[in-house]
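Subject: A structure for you to look at

Hi there,

I am handing over the structure we talked about, and my notes follow below it. Please have a look at it first and then read on.

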Amino acid sequence: AALVASAGWSLSYDDLHRLSDEVAAGLAARHGIGEGDLVALVLPSSPDYVVAYAAIAKLGAVTAGVNPRATVPERNAVLAAAEPALVVVADALAADLPDGLAREVVVPATGPDDVLAALRSADVPPAPALADPDAPDRLVTVVFTSGTTGLPKGAMFANAELAAVTRADLGERAGEWGGGGPMLAGTECAHVGLMTKLPTYLRTGATVFVLDRWRAADVLRLVHTHRMPVVGGVAPQVALLLRQPDFDTYDLSCVQAIVMGGSASSPALVREARERFGAPYSIRYSSTESGGIGLGTAFDADDDEAFHSVGRPRGDTEVTVRDPDGRPVPEGEVGELWLRSSTMLRGYWRNPEATAEAIVDGWLRTGDLASIGADGLVRLAGRAKEMYIRGGYNVYPVEVEGVLATHPAVADVVVVPRPDPVMGEIGVAVVVPLDPSAPPALDDLRAHGAERLAPYKLPEALRIVDEIPLTGMHKQDRRALAAHEARSSSS
């Protein structure tokens, strides 16, 4: 099996090849889709999505995924930026599309026989063969940013970048075929986690379980039943797994590694996950623009690396820390993290201004603040846009969170600014307590942080919550938290 749907039915590798051939032929015959055309997929995460992606690639066309869990305005903003030649959309989402877009409305499959049935046809001529299907510069996918910090931008990846992702993931095995086993697609199909890494999964012959909606109970059941060796995804997901009431009833002895990216993993989360899964934990730092490859902590990392860093570069990734003028900063000082690798985007789709701003002399400006120590470890200090100023001093939320997260009563914490008439802004610690009946007090958190943080960095307000809100891409929704604080300060 190549793909397994949430409902349990599957497609073999032969099915995937045959069905994507038929869909490619249908797209060419019905809509004239060919090399260089962009097709947007507004589909739930499912085998249908992967078949469509493979079909579009066979035509030499370009796939842009649109997260179906985003709001209607967010989805339409992506479509406006993409300007697709065609939108393939699930029937339940079709009514929300803007007028004027060419579209193909499909019904999500309930089994192998009806995968993208509206697009498939054995009666039409086969899709034209590409003269050079492996041409390094042939564009394959445009992966749009989540849009949580502004208008969405589409990161472009060609064959060369996808091949580099495979080399970074497989290392010495990159030239081999086979060897894959059961694995879970931990994010939406539109996310960089699948869009740039699907070639790797196919090359290894993995059986990929594709969930239309991620649920902790389903994930634990699948890992237990199919003996999956790796638990991957984004940090908030592993926190949800650990809080599943029946976690300890599953046999998870098959798990050999935990690999989590997307957002920071707190020290408490890393420690608990390692103990309860009985497996090493690697924090991965990457971005849409980096192609899903970047840095990572070692599986045998000591506590300092595992708890307080995002590790060292992976593959051929290089990193440097620069000041606002692009000059390297001294060792250990905070600046903007710049990254260079063969997996990074080649530019933004139809947005040369954003490309020129993001890529400088071959380096990707990540927008993340970080420092690099004498040990070569990279320690994040937050997003440049998340920094706030308290009484004239810069405060980097991720730095504060890393300290507060080691408090024994804290399960998760996010620090956001609140407008203040005296200081301009103050920090608010939004905390998920480890024991809801015994949450930490503000004074406790401040005393805990005082050993490692200057007084102006310590939070001056506390809000206890049941869980941290997440975006459609399972990242902490800092914008929503900051907006809540802004409203509360004005009321």
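Let me start with helix 12 (residues 397-404), which is mostly covered, with six of its eight residues buried. Those six are Pro397, Val398, Val400, Glu401, Val403 and Leu404. Buried here means under 20% relative accessible area, exposed means over 50%, and partly exposed is in between (1.4 Å probe, protein chains only). Helices (H or I, at least four residues) and strands (E, at least two) are DSSP runs, numbered from the N terminus.

Before going further, a word on the source: this is a predicted model, in which local features need pLDDT of at least 70 and side-chain atom pairs count only at pLDDT 80 or more, while totals for chains, interfaces and linings use all residues. Residues are numbered from 1 along each chain as its sequence is written, and side-chain values use heavy atoms, with hydrogens and water left out.

Three strands make an open sheet in the order 23-24-25, with mixed pairing; two strands pair if DSSP finds at least two bridges between them. Strand 23 (410-420) and strand 25 (461-464) are at the edges with a single partner strand each, so one side of each has no neighbour in the sheet. From one strand to the next, the twist averages 25°. Strand 24 (residues 424-433) and strand 25 run parallel and are joined by four bridges. In strand 25, isoleucine 464 stands opposite valine 431. Helix 12 packs on this sheet and touches strand 23 and strand 24, its direction making about 140° with that of strand 23. Contact means heavy atoms within 4.5 Å; axes are lines fitted to C-alpha atoms, for helices over the stretch in contact, and angles run from 0 to 180 degrees between N-to-C directions.

**Salt bridges**

The structure holds 32 salt bridges, each being a side-chain nitrogen of Lys or Arg within 4 Å of a carboxyl oxygen of Asp or Glu. One of them joins arginine 227 to aspartate 251, with the closest N and O atoms 3.4 Å apart. Arginine 227 is in the loop between helix 7 (216-226) and strand 11 (230-234), and aspartate 251 is in the loop between helix 8 (235-242) and strand 12 (257-261), so this pair ties together parts that are 24 residues apart in sequence. Arginine 227 is partly exposed at 33%, and aspartate 251 is partly exposed at 36%.

Aspartate 304 and arginine 379 also meet in a salt bridge (2.7 Å, N to O). This pair links distant parts of the chain, 75 residues apart: aspartate 304 is in helix 10 (residues 303-308) and arginine 379 in strand 20 (residues 378-383). Arginine 379 forms a salt bridge with aspartate 375 as well, the closest N and O atoms being 3.4 Å apart. Elsewhere, a network of salt bridges links Asp15, Arg18, Glu22 and Arg120.

**Rings**

There is one aromatic pair; rings of Phe, Tyr and Trp (its six-membered ring) pair if their centres lie within 6.5 Å, and planes under 30 degrees apart count as stacked, over 60 as edge-to-face and the rest as tilted. Phenylalanine 247 and phenylalanine 277 form this edge-to-face pair, at 5.2 Å centre to centre and 85° between the planes. Phenylalanine 247 is buried at 2% relative accessibility, and phenylalanine 277 is buried at 5%.
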